Structure formats: C-alpha cells, structure tokens
Amino acid sequence: MHARMPKNFVLDQRIERAADAIETNAAAYRGHWAEACWPLAGGGEDPGAPTRFAHVHLDLGCGKGAYIAAMAERHPDTLFIGMDSEPVCVVHAAQLALDRGLKNALVIPGDAAKLDRIFAPGELSGISINFPTPHPKRRHAHLRVTTAEHLNGYRPLVAEGGMVVLRTDSLPLYEFSLPQFETIGWNVVCATHDDRAAHPDQPITEYEQRLTEQGATVHAVYAHPAPEPATTDQLQTARDLPQSLIDYLPEDLFAQDYIPYGMSYAIDNLRNRRRHLAARETASTRDITSTYETASGRDITSTSENA
C-alpha cells in the first residue's frame, strides 16, 4: 500500500531530521548487525558488559514503526530493524524511534527482494510481517511477501528456532498464505483467525486498533522455517495453487461487513456481479412463470370454446 504524503510534509527535511535512526547503507552491516549497532545501546566501559545485541529481529513492511517501537521497549536486548519501501513510512518509523529514545530500533529502506544482501544466513532471530499489502490480482501475486518463493528466501536468514509471523486483516490473504507455508515444509505452530485472543501479549498498534474498530479480526500464521530449502516440485506445487485472492473469498460474502484494505474494489465487483446474476435469474424465472400461466390460460379458453 502507498502511504499518503501528509500536507506540508517536506520529505527531504524529515529524512534529515530522522537520519540517526535510518540506515541507508544497510548492506555494509551484513553479518554484523548485532555488534555494529550495539554502541547505540550504550554498552559502557565495563569489561563484563555485553558487546552485542542478543537477537536481531526484522519487521518487514514496518509501516510507521509502532510495532517495532513497542517491541523494542519490551525487549532491550534485541535489535529491532524495520524495513519499508515507502519513504514516508521510513521517516515516520525512524522519528518514532528517536522520539521514544529507543537505542535498539532503527529503520532501513528496502523490500523483501533485497534481504539476502542485507542479512547473513542465521542472522535474524525472527521476521514479523504485519498487515502486508494483499495484492489481490493474479498478475500481482508474485508481489505478496508470503509466496513460497519469498518464504524460501527468508529461510536461510532465520536462525535455528526462529519464527516467521504473518498477521493480516485479510482473510483471503491468510487463506492463500497458509498453504504456501505448508507446501514447502515449514512447521506451522499456530494458525488462527483471532490472533488477539491467541496472543493477547502482542502489542496493539494504532493501525490494528483502527481496523478492529471497523470490524476486523487479525488472522495469523506462526511458523518455523523448513530445515531444507524448498524443492523445485514444492515451489511448483505452491505456484499451482489459486493465485487470485478472489478464489479465497468466503462463500458468505454478503454477510461480511468488514472489507480488508486492497480488496474493496474486487469484492464490490464480485458482489455486484452476484446481484446482477441473481436479478437475471429472478427475471428469467418470472418470465417462465408468466409464459406458462399465459399458455395455460389459452389452453383453458380454447377447450371451453371447443366444448
């Protein structure tokens, strides 16, 4: 999704102001994030003090940074890195980290395609993917960050025992994503249609709060990467699954009050199509009934005249 530029928002000025929490040369730290960023936490001169973060966590598509800020406050021994392709989101997330005085949170511009250039194998303790853009159309399916190909790319970067977590308000994206995890052999430890009930300790951001007030529930997948890379056959099996999110819409479409972001156009079109089809079927039934009744009336009249 594209972040809207606020009024009077001068991007270059905001980037300069938040520069201390933005890393634009991320590839230079590949394999050394935990040590290189430790001075941000103020290790001090004590020889027994830690010299590195215990964990490095990536929030892919971090938005305005509310999630990494909340997690960084809870887990000071972990370096939380937010990544987003939208400059406005990068600036907002970085400014939030600075405003809260967080020494274990920073933001890098980028997207899922560049991860292996930025992180070394086993460097990440986990990856969170919160409310990603669903890209509902079939031709845009490759852009979804939960395709088997993308998951296979994350796999070597996550340390043993690490977790990749998808959280989304889009039921169709969840229904598409879950078999992508499963088909390539990932260990799904939790798949839920109500993550707030399943994991009440997850920080609730303003974005999630707003969605919840609109009637959304959060669908989530928690999975450990497969021990081995996906095979060609596994990847092909995942690609052979329906790629349009229209195919994952619920049968009771008309009963759904909440429409996930990015799906409104497709759902409105489908609902209109169903309404028009139902109207045509009703009209057709009415015409058949009328024709039958007219024909029956003629038969009765004809019979009476002949008598």
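Two strands pair if DSSP finds at least two bridges between them. Strands (E, at least two residues) and helices (H or I, at least four) are DSSP runs, numbered from the N terminus.

This is a predicted model: local features need pLDDT of at least 70, side-chain atom pairs count only at pLDDT 80 or more, and totals for chains, interfaces and linings use all residues. Residues are numbered from 1 along each chain as its sequence is written, and side-chain values use heavy atoms, leaving out hydrogens and water.

**Stop 1: the sheet**

Select strands β1 (residues 55–60) and β2 (residues 78–84). They run parallel, joined by six bridges. Pick V56: opposite stands L79 in β2.

Now show the whole sheet. It is open and has seven strands, in the order β3-β2-β1-β4-β5-β7-β6, with mixed pairing. Go to the edge strands, β3 (105–109) and β6 (187–192); each pairs on one side only. On average, neighbouring strands of this sheet are turned by 15 degrees against each other, direction ignored. Axes are lines fitted to C-alpha atoms, for helices over the stretch in contact, and angles run from 0 to 180 degrees between N-to-C directions.

**Stop 2: two helices across the sheet**

Contact here means heavy atoms within 4.5 Å. Select helix α3 (residues 66–74). It lies across β1, β2, β3 and β4 (124–130), at about 180 degrees to β2. Next, select helix α7 (residues 171–183). This helix lies across β5, β6 and β7 (219–224), at about 15 degrees to β7.

**Stop 3: a salt-bridge network**

A salt bridge is a side-chain nitrogen of Lys or Arg within 4 Å of a carboxyl oxygen of Asp or Glu. The structure holds six. Select R167, D195, R196 and E208: salt bridges link them in a network.

Start with R167 and E208, whose salt bridge spans 3.2 Å, N to O. R167 is in strand β5 (residues 158–168) and E208 in helix α9 (residues 206–213), 41 residues apart. Both are buried (under 20% relative accessible area; exposed is over 50%, partly exposed in between; 1.4 Å probe, protein chains only).

Then move to R196. It meets E208 in a salt bridge of 2.9 Å, N to O. R196 lies in helix α8 (residues 195–198) and E208 in helix α9, so the pair ties together parts twelve residues apart in sequence. E208 has a relative accessible area of 2%, while R196, at 23%, is partly exposed.

**Stop 4: E149 and R239**

Finish with E149 and R239. The closest N and O atoms of this salt bridge are 2.6 Å apart. The pair links helix α6 (residues 148–154) with helix α10 (residues 232–240), 90 residues apart. E149 is partly exposed at 34% relative accessibility, and R239 is partly exposed at 36%.
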